[in-house]
Amino acid sequence: MNVKFNNRDPLYVQVIRHFKEQIAKGYFEPGQEIPSRRELANQLKINPNTAQRAYKEMEEQGLIFTEGNMPSCITKDDAVLKSVREELIIEAVDLFLGSIKSINVPLSEVLELVEKKYDAESGEAEESK
Amino acid sequence: MKSYLKLVHFEISRFFKLYLILIGLTVVSQLIGAVIVSKGYMSSAEKVMYANQLSVSKYIEQSAFSFSRFINSEWFVMPIVFCIAMLMIYVFFIWYRDWFGKNTFIYRLLMLPTERINIYFAKLTTIMLLVLGLITLQILLVPIEMQIVNGIVPADFRTNFPFYGIYDQEIWGFLYPNTPVGFILLYGIGLIFVAILFTSILFERSFGLKGIFCGIVYGMFSFGVLVAPLILAVSYTGYFYPLEIYLMELVTSIIVLGSAIWIANHLLKHKIRV
Amino acid sequence: MIEVKNVKKKYGRKQVLNGLSFTAKKGEITCLIGINGVGKTTIMKAIMALTPINSGEILIDGEKIRKESYDKITFIPDTITMLPQMKIAEAFAFMADFYKSWNPQRAEELLKFFKLDPTERIANLSKGNTAKVNMLLGLALDVDYLLMDEPFSGIDIFSREQIAEVFTSHLIEDRGVIITTHEINDIEHLIDRAVLIDEGEVLKDFSVEEVRENEGKSVVDVMREVYRR
């Protein structure tokens, strides 16, 4: 795992976001074991207390769960998993809309462009494979 | 106690290579010297006897060979002087080497989980052991040197020189007082001197330039206290019994040594800086 | 907890520490930040009783430092504190001889981690490897508190990365760590608290996550504010 963190947002928030992205991408499967807080700190090169904080928050949000002394696992709750995906999509769209609105482009034009670009990039991705 | 012994061992092993060199130098110089001095005597004896047509008995009337001829030669004296000089330098170096140099070892020494005064005791012990070691070496060397000399110079040429005769020689008489009391006195005073020097060094290490001044004043004061009974003895000749002088000297020695240790302990604990 | 309370110290006429106070907790990494010459190293020496202070008080778990404390707290200065002619293995033997808290297994583990050869003489090590051995000698002690003076300065990038890795590992976990730096960038994500120091005084003492969370500022942002004043 190599993640670039910025210095201004709380690290634990960035760690949680990183986990959400991994879940949305399907990199983490429901019920999959995740690294211990120490392993995570070591992998991400962050303070172990921060990793601890991130896990605590994620546990409270129901993203992960821990049974007894077992290692923590990604939740199996479909509703939560779905909401993670939605959350990320909505966030991205919001961000996108924000920048589009600031340059006053009509929605139809934007959508057309989006479709065109998206297809082209997917095509490229296919070819490069 | 355990850390003290470990520190002594450690300090000795740090000096050991140089020490072996000192030992080697002494042994080589004195053994070679014994050969050269006696051979030199024999060849000059033969020359003189031949030139003047002297018999052995006539010749030795003027210049018989005595072992002291060797003992007073530079072959014998120089290595001793050199060893003394080296050890005197090491009295300073044993401390300063821990501060200077790329790796400041004094950090480690001062951070050992043991009373810091043990470092002082260990260094003091080391110096004393090094001195006593060389003294012992010399005692062992003399009989060997006598054998060498006796092997080269025939008995006819030699004045009788028993091993104990060596105490009559100046340098030897100084280094080896021939009574236990004298021995303890000499090396006891030596120990006190080293302790005073160590404490002066710690003054310098604690207070820098100001410390040099403190160290010198302290050293002179301690020296003054130490010799006070002797001055009394000299200026009031016959007023005190020798035993009284001796006891006074003992008391002042204990006071001076005790205060050197006490001050060193205080400096090491509260004032030293790295 | 290490408590530094209103410590003042003069070197000649120069006031090096001017009523400096902060605390460092166990299980946290506290970073003393300031340009060179503001007294960071002096604080560490003062904590270890390697230099006297003029006034104030320093407590380690509520006690003044004693000889037993050196099995509980250790200091890794920016130069190695072993004799250059020693081999690494001999340095280990020395440590084992004197410290109850020396942990030989951990020392071995670190030796492997840093890829060091125990038969090598300290004098012959590269700069980076010397720094690693220096680090190792402190880390292999089972102490509660570790003080490190500029562990990242003057060494190559790979050695830096390796040493940084130590900070996120079990070698540091649950211990209290104080480290000094004049270059925060490398370790911004590793520390819990930052103590900004200038001219022997604490200008600001804060939790880096809290400042990121509440003010959206990085350590460097805070430094800019504080030092520009």
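Okay, let's start where chains B and C meet: 24 residues of chain B are in contact with 26 residues of chain C, contact meaning heavy atoms within 4.5 Å. Before I go on, this is a predicted model, where local features need pLDDT of at least 70 and side-chain atom pairs count only at pLDDT 80 or more, while totals for chains, interfaces and linings use all residues. Residues are numbered from 1 along each chain as its sequence is written, chains are lettered from A in the order in which they are written, and side-chain values use heavy atoms, with hydrogens and water left out.

So, B against C. About 2400 Å² is buried there, and carbon and sulfur atoms give 62% of that; buried area is the accessible area (1.4 Å probe) that two parts lose on being put together, summed over both. Arg108(B), Met111(B) and Pro113(B) supply 29% of what chain B buries against chain C, more than any other three residues. Helices here are DSSP runs (H or I, at least four residues), numbered from the N terminus.

Now chain A against chain C. Here 19 residues of chain A touch 23 of chain C, and the buried area is about 1800 Å², with 41% from carbon and sulfur atoms. In chain A, Asn7(A), Arg8(A) and Arg38(A) lose the most area to chain C, together 32% of what that side buries. This interface has four salt bridges. One of the pairs is Glu173(C) with Arg37(A), at 3.2 Å, N to O. Helix H1 (11-25), helix H2 (37-44) and helix H3 (48-60) of chain A each supply at least two residues to that side.

In the model, residues 181-203 of chain B are 100% helix, with end C-alpha atoms 32 Å apart. Residues 215-239 of chain B are 84% helix, and there the ends lie 34 Å apart.

Last, confidence. Chain B has a mean pLDDT of 89, with 96% of its residues at 70 or more; pLDDT is the predictor's confidence in each residue, from 0 to 100.

How values were computed. A salt bridge is a side-chain nitrogen of Lys or Arg within 4 Å of a carboxyl oxygen of Asp or Glu.
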